[in-house]
Amino acid sequence: MGVGNLMAMPAHITATWQAAAPPEPPAPHRGASEEPTAAPDVSPYGPVLQYVTAFWDRLFRFHPHDEGTLIGLPRAYVVPSVDPVRPLFQEMYYWDSYFSALGLVGTLHEWLVFDLAENMAALVERFGFIPNGTRYYFTSRSQPPFFTKMYRLAHELKTARGDADADEYLRHMTRLGVREHETCWLGEKHPHERRKYRGLSRYHDINYSHFLASCESGWDHSTRCDGTEPGAEAGRWMDFLPVCLNSILYAREVDFAWAFARLGSATEADYWHRAAEERAATMNELMWDEGQGFFFDFDWKAERRSPCASLAGFYPLWAGFATQRQVEVIVERWLPQFLLPGGLVTALDSHPGRQWAYPNGWAPLQWLAATGLERYGFKAEANEVRRRWCDTCTHAFTKAGTLAEKYNVADPHAEPEHGLYGLVQGFGWTNGVFVDFARSLAST
């Protein structure tokens with residue numbers, strides 16, 4: 001598909017694959033405190049939405065005190081999965097929580113958005129940063145840092161309902177966000193040795209393990225960072241400056257600038273605005289390949305760009321520092337390669353055991369890319385991503401009666417690459433993104 005075809009896309013684009021008609025939904029699970037009260041949804045996604053509404057109660061946990069390796073949290077939280085075969089999760093995870101929260105907004109469970117943000121704040125106050133998950137053995141690393149997005153989401157809800165303490169809440173959370181940012185993500189020595197080259201940061205682990213650094217990235221395991229090299233299952237994650245991480249850090253610095261401006265702190269707002277602009281300029285210099293028209297991870301040791309094209313290259317669209325011309329080139333050259341029948345594929349290359357690669361698609365990456373496309377005016381393309389992903393989830397739901405953490409977007413009728421962890425059912429961030437996408441599609 002060339003640029004002419006893409007640019008001329010109508011508001012509704014016919015996908016090359018369509019989900020089968022969904023069956024009757026399973027009997028809903030009733031929570032202990034409340035029952036779903038939403039009106040029946042007669043859209044194609046209605047049965048899945050009803051399932052998700054009923055399923056949230058099964059994902060809630062409350063552990064206010066430390067217990068064994070489990071770190072206590074002051075508020076309730078959402079776990080990623082309650083897979084009946086393998087009960088893997090009893091802890092809260094960092095970036096999973098934000099994408100789950102997207103599906104809680106505007107529902108009976110919206111209160112969890114505030115609880116998740118408060119739990120993240122408590123972790124920063126206790127540890128100086130937010131660990132990968134709330135287990136002591138996860139405190140060697142963090143995860144993609146969506147704390148500012150989480151508390152901004154909560155602040156928007158507080159503002160919308162007229163809470164008198166909304167800006168005081170923002171002040172408190174921003175103070176903690178800056179602490180996490182400077183302690184963890186701008187750290188230059190052990191245990192937070194992340195800022196490594198020209199002001200940009202890497203993923204890290206206090207054990208100096210490439211494998212555990214890949215876990216901090218959330219992309220465990222992938223073809224990025226030389227992950228296809230023989231005997232290099234984890235790649236060389238600590239040797240690369242990832243596009244995804246530094247885009248998130250740019251977005252955080254923009255969030256700080258916005259918050260301080262709102263709170264009347266002009267000096268702090270200017271400081272973080274300049275920090276964000278400096279990061280964006282360096283990323284454009286090191287990560288944007290003019291010849292290929294795409295953003296790539298940067299190997300700071302070899303001082304060259306990685307050849308691996310992945311959806312990380314779409315993060316600058318979500319963060320908002322890509323230029324309009326760059327985005328138009330990405331939409332022309334790269335979107336047709338990544339947009340497959342079932343949604344966006346994680347990377348264009350494949351490798352046995354690499355679950356964050358072809359042919360798999362993951363909910364958070366669909367959301368980030370679609371949000372970025374719409375930000376730059378490509379709403380039809382963004383909605384096509386949403387529609388194909390929702391169709392994939394709906395089709396899988398008709399077969400399994402649940403949602404999973406990842407899907408095969410090259411062939412939605414086939415199994416994904418299971419990787420080392422297999423296929424985990426549940427699944428928090430898939431539920432959250434599905435709800436958000438279905439809501440967006442219904443409003444068009």
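1. Ser247 counts as buried because its relative accessibility is 0%; buried here means under 20% relative accessible area, exposed means over 50%, and partly exposed lies in between (1.4 Å probe, protein chains only). Ser247 belongs to helix α8. Setting aside neighbours within four places in sequence, Ser247 is in contact with Met283, Tyr315, Pro316, Trp318, Ala319 and Phe321, where contact means heavy atoms within 4.5 Å.

2. A word on the ground rules: this is a predicted model, in which local features need pLDDT of at least 70 and side-chain atom pairs count only at pLDDT 80 or more, while totals for chains, interfaces and linings use all residues. Residues are numbered from 1 along each chain as its sequence is written, and side-chain values use heavy atoms, with hydrogens and water left out.

3. Ile248 also sits in helix α8, and with 2% relative accessibility Ile248 counts as buried. Beyond residues up to four places away in sequence, Ile248 touches Pro144, Pro145, Phe146, Tyr203, Tyr315 and Trp318. From Ile248 to Pro316 the C-alpha distance is 8.6 Å, although they are 68 residues apart in sequence.

4. Next, the packing of α8 on α6. The axes of α6 (residues 166-185) and α8 (residues 243-262) come within 10 Å and cross at roughly 145°; axes are lines fitted to C-alpha atoms, for helices over the stretch in contact, and angles run from 0 to 180 degrees between N-to-C directions. The crossing is left-handed, meaning that the near helix is turned anticlockwise from the far one by less than a right angle. Among the residues that meet are Leu170, Val178 and Trp185 in α6, and Leu249, Phe256 and Phe260 in α8. By class, this contact has nine nonpolar, three polar and five charged residues (Ala, Val, Leu, Ile, Met, Phe, Trp, Tyr, Cys and Pro count as nonpolar, Asp, Glu, Lys and Arg as charged, and the others, Gly among them, as polar).

5. How do the helix lengths look? α6 has 20 residues and reaches 27 Å between its first and last C-alpha, close to the 28 Å expected at 1.5 Å a residue; the expected span is 1.5 Å times one less than the number of residues. For α14 (residues 379-400), the end C-alpha atoms are 31 Å apart, which agrees with the 32 Å that its 22 residues should span. Gly401, with a positive phi near 70°, follows α14.

6. There is an open sheet of three strands, in the order β5-β8-β9, with antiparallel pairing. β5 (240-241) and β9 (304-305) stand at the edges with a single partner strand each, so one side of each is left without a neighbour in the sheet. Strands pair if DSSP finds at least two bridges between them; helices (H or I, at least four residues) and strands (E, at least two) are DSSP runs, numbered from the N terminus.

7. Some backbone geometry to check. The peptide bond from His190 to Pro191 is cis, with omega near 10°, and Tyr358 and Pro359 are also joined by a cis bond, with omega about 10°. Glu303 is not a glycine, yet has a positive phi of about 55°; Glu303 lies in the loop between β8 and β9 and is exposed, with a relative accessible area of 51%.
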